Amino acid sequence: MTGKPIVIGVTGGSGSGKSSVSRRIFEEFTQNSVLILAQDNYYKDQSHLTFEERLKTNYDHPLAFDNDLYYQHIQDFLKGHSIEVPVYDYVNHTRSKEVHFEPPRQVLILEGILIFQEPSIRDLCDIKVYVDTEDDIRLARRIQRDVIQRGRSVESVLNQYIDVVKPMHHQFVEPTKRYADVIIPEGGLNHVAVDLLITKIESILK
């Protein structure tokens with residue numbers, strides 16, 4: 001691979017449709033040319049804490065992320081180096097021993113709720129996208145995801161949303177909308193906006 005990879009930042013609240021937008025971009029290119037580097041993989045290791053202490057972690061706060069490692073891996077990737085992406089264990093609430101080996105690609109998609117909140121990471125993005133979706137839709141999607149994929153109860157998801165997710169969203173996530181080059185309402189369901197974004201990426205690649 002020659003030339004610096006294109007870096008696209010995709011952010012928005014939990015359940016906004018960030019992953020749908022990222023996957024839609026990914027599907028337009030070959031798997032060898034695009035990498036989605038999710039910020040969720042870079043939650044801090046908590047193996048030094050007891051399980052009870054881990055349960056108190058606020059995953060929607062900037063301090064929950066190992067942004068130093070995230071930034072370093074992005075820099076390594078931009079220099080043409082392969083990276084070892086950590087994997088987070090949501091059952092045990094800490095980083096697992098597993099890693100994913102990722103070689104360089106042409107397009108790097110950074111996806112996460114707080115990637116624009118960190119200036120050093122935000123400044124690496126060539127295109128900054130904010131996915132803007134109403135709170136009730138995001139909550140419904142979060143319930144569906146956490147109950148089916150992560151084995152949680154509806155009550156626990158609702159309590160976490162009310163106590164942590166919603167206030168953190170309005171304090172830290174939504175204010176980063178001002179940094180976006182493109183705002184996409186309703187995420188991957190907005191086919192016009194996503195298609196325009198893909199066209200822009202194709203033009204840069206050419």
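1. Let's start with Tyr-90, which is partly exposed, its relative accessible area being 30%. That value falls between the 20% below which a residue is buried and the 50% above which a residue is exposed. Please keep in mind throughout that this is a predicted model. Tyr-90 forms an edge-to-face aromatic pair with Tyr-88, with 5.3 Å from centre to centre and 70° between the planes. Tyr-88 itself counts as buried, at 6% relative accessibility.

2. Now for the other tyrosine that pairs with Tyr-90. A search of the whole structure turns up seven aromatic pairs. In one of them, the ring centres of Tyr-43 and Tyr-90 are 6.4 Å apart and the planes stand at 85°, so this pair is edge-to-face. For your own check, the cut-offs here are centres within 6.5 Å and, for edge-to-face, planes over 60 degrees apart. The pair links distant parts of the chain: Tyr-43 lies in the loop between β2 (34-38) and α2 (51-54), while Tyr-90 lies in the loop between β3 (83-89) and β4 (94-102), 47 residues apart. Is Tyr-43 buried or exposed? With a relative accessibility of 6%, Tyr-43 counts as buried.

3. Ring pairs join Tyr-43, Tyr-59, Phe-65, Tyr-88 and Tyr-90 into a cluster.

4. Setting aside residues up to four places away in sequence, Leu-197 touches Val-21, Ile-25, Ile-127, Val-129 and Ile-184.

5. Apart from neighbours within four places in sequence, Ile-143 is in contact with Val-154, Val-157 and Leu-158. Along the chain, Ile-143 and Val-157 are 14 residues apart, and their C-alpha atoms are separated by 6.1 Å.

6. Finally, the overall picture. The chain has seven helices and seven strands, in the order β-α-β-α-α-β-β-β-α-β-α-α-β-α along the sequence. Its radius of gyration is 17 Å, close to the 17 Å that the globule rule gives for 206 residues, so the chain is as compact as a globular protein of that length. Along the principal axes, the C-alpha atoms fill a box of roughly 50 × 35 × 30 Å.

7. Some totals to go with that. Buried residues account for 46% of the 206 residues. Of the contacts between residues at least 6 apart in sequence, 74% join residues at least 24 apart. The chain exposes about 10500 Å², and carbon and sulfur atoms supply 52% of this area.

Methods
Residues numbered from 1 in each chain as written. Predicted model: local features only at pLDDT ≥ 70, side-chain atom pairs only at ≥ 80, totals over all residues. Heavy atoms only, no water. Phe/Tyr/Trp six-rings, centres within 6.5 Å; stacked < 30°, edge-to-face > 60°. Helix = DSSP H or I, 4+ residues; strand = E, 2+ residues; numbered from the N terminus. Buried < 20%, exposed > 50% of the residue type's maximum accessible area, 1.4 Å probe, protein only. Contact = heavy atoms within 4.5 Å. Rg over C-alpha atoms; globule rule 2.2 N^0.38 Å. Areas by Shrake-Rupley, 256 points an atom, 1.4 Å probe, with all protein chains shown as cover.
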